[in-house]
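This briefing concerns the structure displayed below. It is arranged by topic, beginning with the contact between the chains.

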Amino acid sequence: MEEVQMLEAQIERLQAEVEALQRQQQDNQKDITFQFRGQIASLCGRGPVGEKERVMSSLKEEVEEMEEDLRRQTQMNGISLNGCNAKTLRSSESKVVQQLCLSGRCSELDFQVEFKLSEVKVSSFHSLVIFLFSLLIWDFSAFQADELVEESCDLLLFFRTLRTFSDRCDDRSKTFQHFQQKYPSVVSLPGGCRSEVMRLSVVFSCVLFVRWSIDVSREGGVSPNIELLTKIPDQDTSKMCKKRHSLVFHLKRGKNAIV
Amino acid sequence: MEAASTKAGVLSHLSLLEVQARSRRTQPQQQSRVKELKAKVEALKVQKQQLEAEIETHQNLQKLRLSLDKQCADEEDVEMEEDSENSQLLRLMARHTQLKDLLHAHHLIGGYDIIKTRQGKGVCVSLATAYEGVYLDTYNLEIDLKPTVKIGRHNIPPFIPVNSLAEVNDMQTNMRAFLDALSQHLNAFAGRKQQLKLLREQHKSIEVMESNVLCSILVLMFKVPSAKTAVLCTLDYTDHSSCLPTRVHFECEDKQLPDSDQWKKNCSLLMETPVHTALTAMKKMGDIV
């Protein structure tokens with residue numbers, strides 16, 4: 001009788017432990033964004049013979065396909081993502097709320113964004129909404145990105161605008177570098193080729209600055225703006241005017257050839 | 001005297017035998033019950049071990065995934081640890097989840113989800129649209145690459161000038177510029193359409209007199225409480241790549257009203273903010289009902 005009681009108590013304990021483990025496993029499965037339940041089970045020895053090898057080779061194939069796909073998407077989208085962390089905040093049969101943190105780079109511009117995503121699937125109704133978008137890291141100060149996106153949560157607009165802005169920055173950088181290489185005695189880039197300013201030291205100790213700013217409107221419109229700012233010593237004004245016009249003309253023509 | 005003690009001895013011996021016999025009867029029942037319970041204990045132990053192993057594997061997978069993410073962020077090369085069969089499989093699984101997440105992210109940020117078709121002779125792209133965080137319609141477009149680059153089938157509505165955008169943006173040499181321009185037009189259209197939908201939902205008291213399929217023109221009728229008159233408001237969206245109007249015009253029996261300070265402010269409001277938000281603000285200020 002004692003033995004029976006002891007065994008029954010042991011069974012109760014074990015059942016409680018198993019239930020707790022099953023709950024933990026259910027939580028884990030919510031986080032896994034793939035259906036790897038079978039594979040994990042087979043890894044632990046549960047499953048038919050040869051299952052492990054089969055799983056391995058089919059996984060290898062899938063991974064290779066996905067890597068090729070990722071290369072294609074990166075090239076087409078012009079954005080290279082190097083990190084994506086998804087955390088499921090709430091999950092029910094019809095609704096899933098996730099928090100995602102993405103980091104990557106668009107040409108020379110690094111970024112890191114975080115947003116919450118709510119997805120509802122009820123029979124044929126499907127809705128996907130982004131809320132609480134925040135820009136964590138970005139080094140493109142000219143682009144008032146936080147105003148652009150944090151209010152509107154428009155992820156698509158942000159990335160479209162980022163691409164266009166990045167393309168214009170690249171154009172500017174290439175053009176500045178071209179001129180510096182072609183006319184090294186006249187042209188200098190005090191802030192580097194990624195800055196807004198190109199400095200021209202023309203004759204008679206006068207200096208011209210080309211300021212090429214790239215503005216981004218609230219609606220995501222990207223507009224480059226080229227200005228010629230002058231610093232002229234007084235006595236050389238008249239001679240300068242003539243030279244300045246021809247120089248500007250040459251510059252503009254040269255730019256059109258590049259851009 | 002000897003007879004009595006022998007009798008007591010025999011009696012106790014008999015009762016001992018009786019007890020033994022009784023216990024032998026109940027023992028088999030007890031034994032089978034004990035066997036049953038022991039088997040159950042074993043089964044539960046096995047189940048517990050299995051679950052613990054799976055949970056540990058999952059934790060290892062998560063650790064691997066975290067280290068993979070870190071390696072990608074730091075752009076280091078993948079280290080080669082001891083390559084047991086299990087750890088190889090785990091590493092593959094971690095990479096699989098990472099790739100799946102990255103591809104999903106590309107899709108979410110409005111990527112073109114480009115797919116090769118017809119053995120590489122063409123591609124199919126998806127153009128997602130969204131407004132104020134809500135994902136709306138997705139449009140698909142097939143582009144032939146061989147023999148020449150040209151547009152194939154698509155489900156883009158006819159009032160979006162796909163072919164002219166292709167020409168202007170030089171689709172032949174710069175596919176992405178073309179797709180970006182097309183995406184901008186589609187998103188602007190989706191945005192205007194969504195604004196109209198929200199306006200109808202949130203402002204049932206405001207009559208929509210006129211609208212068109214492209215959502216490039218909107219005529220609304222406002223009731224102004226102070227003037228006891230109606231104001232006809234025309235919003236022209238001549239820039240089809242924008243969600244905001246290029247022109248806002250008020251018509252009213254009271255010719256002074258559109259020139260008043262308040263209504264000049266309303267005009268700017270309607271030019272600079274989405275129409276449903278602007279109307280909410282105007283209602284709050286009591287300019288319209």
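In this predicted model, 69 residues of chain A are in contact with 69 residues of chain B, contact meaning heavy atoms within 4.5 Å. Local features need pLDDT of at least 70, side-chain atom pairs count only at pLDDT 80 or more, and totals for chains, interfaces and linings use all residues. Side-chain values use heavy atoms, with hydrogens and water left out, residues are numbered from 1 along each chain as its sequence is written, and chains are lettered from A and ligands numbered from 1 in the order in which they are written.

**Interface between chain A and chain B**

- About 6,800 Å² is buried between chain A and chain B, and carbon and sulfur atoms give 66% of that area; buried area is the accessible area (1.4 Å probe) that two parts lose on being put together, summed over both.
- Between the two chains there are 14 residue pairs in polar contact, both residues being at pLDDT 80 or more. A polar contact is a pair of N or O atoms within 3.5 Å; within protein, one must be able to donate a hydrogen and the other to accept it, and residues adjacent in sequence count only if both atoms are side-chain atoms.
- The elements of chain A that give two or more residues to the side touching chain B include helix H1 (2-31), helix H3 (51-77), strand S1 (80-91) and helix H5 (155-182). Helices (H or I, at least four residues) and strands (E, at least two) are DSSP runs, numbered from the N terminus.
- H3(A) gives the most to this side of chain A, with 18 residues.
- By class, the residues on the side of chain A that touches chain B are 35 nonpolar, 17 polar and 17 charged. Ala, Val, Leu, Ile, Met, Phe, Trp, Tyr, Cys and Pro count as nonpolar, Asp, Glu, Lys and Arg as charged, and the others, Gly among them, as polar.

**Salt bridges**

- Over all chains, the whole structure holds 24 salt bridges, each defined as a side-chain nitrogen of Lys or Arg within 4 Å of a carboxyl oxygen of Asp or Glu.
- A:Glu67 and B:Arg95 form a salt bridge in which the closest N and O atoms are 2.7 Å apart. This pair joins two chains, because A:Glu67 lies in helix H3 of chain A and B:Arg95 in helix H2 (residues 85-108) of chain B.
- Six salt bridges are counted between chain A and chain B.
- A:Asp167 and B:Arg176 also meet through their side chains in a salt bridge, at 3.8 Å from N to O.

**Sheet and helices of chain B**

- Four strands of chain B form an open sheet in the order S5-S6-S7-S8, with antiparallel pairing; two strands pair if DSSP finds at least two bridges between them.
- Strand S5 (207-211) and strand S8 (247-252) of chain B are the edge strands, each pairing on one side only.
- From one strand to the next, the twist averages 20°. Axes are lines fitted to C-alpha atoms, for helices over the stretch in contact, and angles run from 0 to 180 degrees between N-to-C directions.
- Eight bridges link strand S6 (residues 217-224) and strand S7 (residues 229-236) of chain B in the antiparallel sense, and B:Leu218 stands opposite B:Leu235 in S7(B).
- Helix H4 (residues 175-202) of chain B packs on the sheet and touches S5 and S6 of chain B, its direction making about 155° with that of S5(B).
- Helix H6 (residues 275-284) of chain B also packs on the sheet, touching S6 and S7 of chain B, and its direction makes about 10° with that of S6(B).
- The axes of H4(B) and H6(B) come within 8 Å and cross at roughly 30°.

**Hairpin of chain A and backbone geometry**

- S1(A) and S2(A) run antiparallel, joined by ten bridges, and form a hairpin with three residues between them.
- A:Ser123, in the loop between S3 and S4 of chain A, has a positive phi of about 45° although it is not a glycine.
- The peptide bond from B:Lys146 to B:Pro147 is cis, with omega near 0°.
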